[in-house]
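Notebook open, model loaded. I wanted to look up a few helices, some ring pairs and the cores.

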Amino acid sequence: MLEAAAASLLVTTLGAHLGSTLIAMKRCWPRRGQLQPPAAAPHVTILRPVCGVEPYDERTLASTFRLDYPNLRLVFCCDRGDDPAAALVRRLIEKHPGSDARLLIGRTPQSANPKLNNLLKGWPHVETDWVVMADSNVDMPPDYVQRLLAAWKPGTGVICAPPIGDRPHGFWGEVECAFLNTYQARWQYASDTIGLGFAQGKTMLFRRADLEAAGGLAALGAEVAEDAAATKLVRGMGLKARLVDGPFMQPLGRRRLQQVWDRQARWARLRRMTFPAVFLPEVLTSGLMPMVCAAVLAAAVDVSPLSAAASVAVLWYGAEWALARACGWHHSWRSPFAGLLRDIMLPALWLQAWFINSFIWRGNEISPESDEPVSSSA
């Protein structure tokens, strides 16, 4: 009985892992050349929230001004005029006087989502047919807008792109890459490919008319996470959330264990709060599960359990390393060890998410039990 269950679980988890790896590899294989803007390029507004300055923010925010796209309006939103991020944006606007760019200062505390509160003041300035919400740490390639628009097809409600960790410094940066790239992005592309796509808040492209029909940008405050709200909103319209092929980079820099844990714990709690039925089986996605199953089966036939588990580990993390290499994502000799540590952390993060609801986000305490709006943040 135990051996049969172990065999079934081993085949299921290993098959899902290898299948999702192949799907992500196909969807994220680097494309040659840069997409050119369409002849009749539609007008697009990009909303970017900023708050504080991190090591790569000048690079990522400057990438907004290097976009090779006409008919583009840039709207940056910040809580306070004395925020270092506001000073950075002002310098970038001064360096690019030909850009249609503006910085908006102020607070609009209407929801429990600080990032959304920061962006709400920008909505009255969106007069274009298309609007992009993009976090400040997304490094935009020159054809960023073209790639988003090219992914739009009939029946779409939002186009997104998962963040791909890049430029990690130190081992914990490698662990964050293991979470973002070969785990979260892999599963997101697999879900999208089978028609179960969901929004990811790092980059979201909407038709302005769709958001207007739902009540404007404020409609994304229906959930504590704006991407969960976006997913439910477009599905309620009979539309789908879809991913752009070839996601965009997020430079990481140096990370500490506490930073990685806090971010992943926050995301796990948000997934559990907003889509509990989908979050429930996440515990089975850790590589520990098939390794334990392989050890159980090996012990039943008098084979070394350690050797069996090690063989599965080589296949599991070797596939992830191959995915990162094929897609041009960060990979090194430490990547398999970072993946193993990630999979040790996953069950603990999953378990904690069921018992703790509140979390700290940019200095704001967020709790689903409270409807009180919080001050804004990026």
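**Helix 11**

I began with helix 11, residues 288-300: its 13 residues reach 19 Å from first C-alpha to last, close to the 18 Å expected at 1.5 Å a residue. That expected span is 1.5 Å times one less than the number of residues. Helices here are DSSP runs (H or I, at least four residues) and strands likewise (E, at least two), numbered from the N terminus.

Before going on, I noted that this is a predicted model, where local features need pLDDT of at least 70, side-chain atom pairs count only at pLDDT 80 or more, and totals for chains, interfaces and linings use all residues. Residues are numbered from 1 along each chain as its sequence is written, and side-chain values use heavy atoms, with hydrogens and water left out.

I then checked confidence: pLDDT (the predictor's confidence in each residue, from 0 to 100) has a mean of 91 for the chain, and 94% of the residues reach 70 or more. Over residues 374-378 pLDDT stays under 50.

Back in helix 11, I listed Pro 290, Met 291, Cys 293, Ala 294, Ala 295 and Ala 298 as buried. Buried means under 20% relative accessible area, exposed over 50%, and partly exposed in between (1.4 Å probe, protein chains only). What covers these buried residues? I found that the cover includes helix 1 (2-28), helix 12 (305-327) and helix 13 (335-355). After helix 11 comes Asp 302, with a positive phi near 60°.

**Helix 1**

Helix 1 has 27 residues and spans 38 Å between its first and last C-alpha, close to the expected 39 Å. Its buried residues include Leu 10, His 17, Met 25 and Arg 27. Among the elements covering them I noted helix 6 (171-193), strand 8 (240-243), helix 11 and helix 12.

**Rings**

For rings of Phe, Tyr and Trp (its six-membered ring), a pair needs centres within 6.5 Å; planes under 30 degrees apart are stacked, over 60 edge-to-face, and the rest tilted. I got eight aromatic pairs by this rule. One of them, Phe 171 with Trp 172, is edge-to-face at 5.8 Å centre to centre and 65° between the planes. Phe 171 is partly exposed at 28% relative accessible area, and Trp 172 is partly exposed at 24%.

Why is the pair of Trp 350 and Trp 354 edge-to-face? Their planes are at 70° with the centres 5.9 Å apart, so the pair gets that label. The two sit four residues apart in helix 13, so about one helical turn separates them. Trp 350 is buried at 17%, while Trp 354 is partly exposed at 31%. Ring pairs join both to Phe 279 in a cluster.

I also looked up Leu 280, in the loop between helix 10 (276-279) and helix 11. Leu 280 is partly exposed at 48%. Leaving aside neighbours within four places in sequence, Leu 280 is in contact (heavy atoms within 4.5 Å) with Trp 350 and Trp 354.

**Cores**

A nonpolar core is a set of buried Ala, Val, Leu, Ile, Met, Phe, Trp, Tyr and Cys residues joined through side-chain atoms within 4.5 Å. The largest one has 37 residues, and those with the most contacts inside it include Phe 206, Leu 220 and Trp 329. Beyond its sequence neighbours within four places, Phe 206 touches residues including Trp 130, Val 158 and Ala 230. Another core lies apart from the largest one, with 36 residues, among them Leu 67 and Ile 159.
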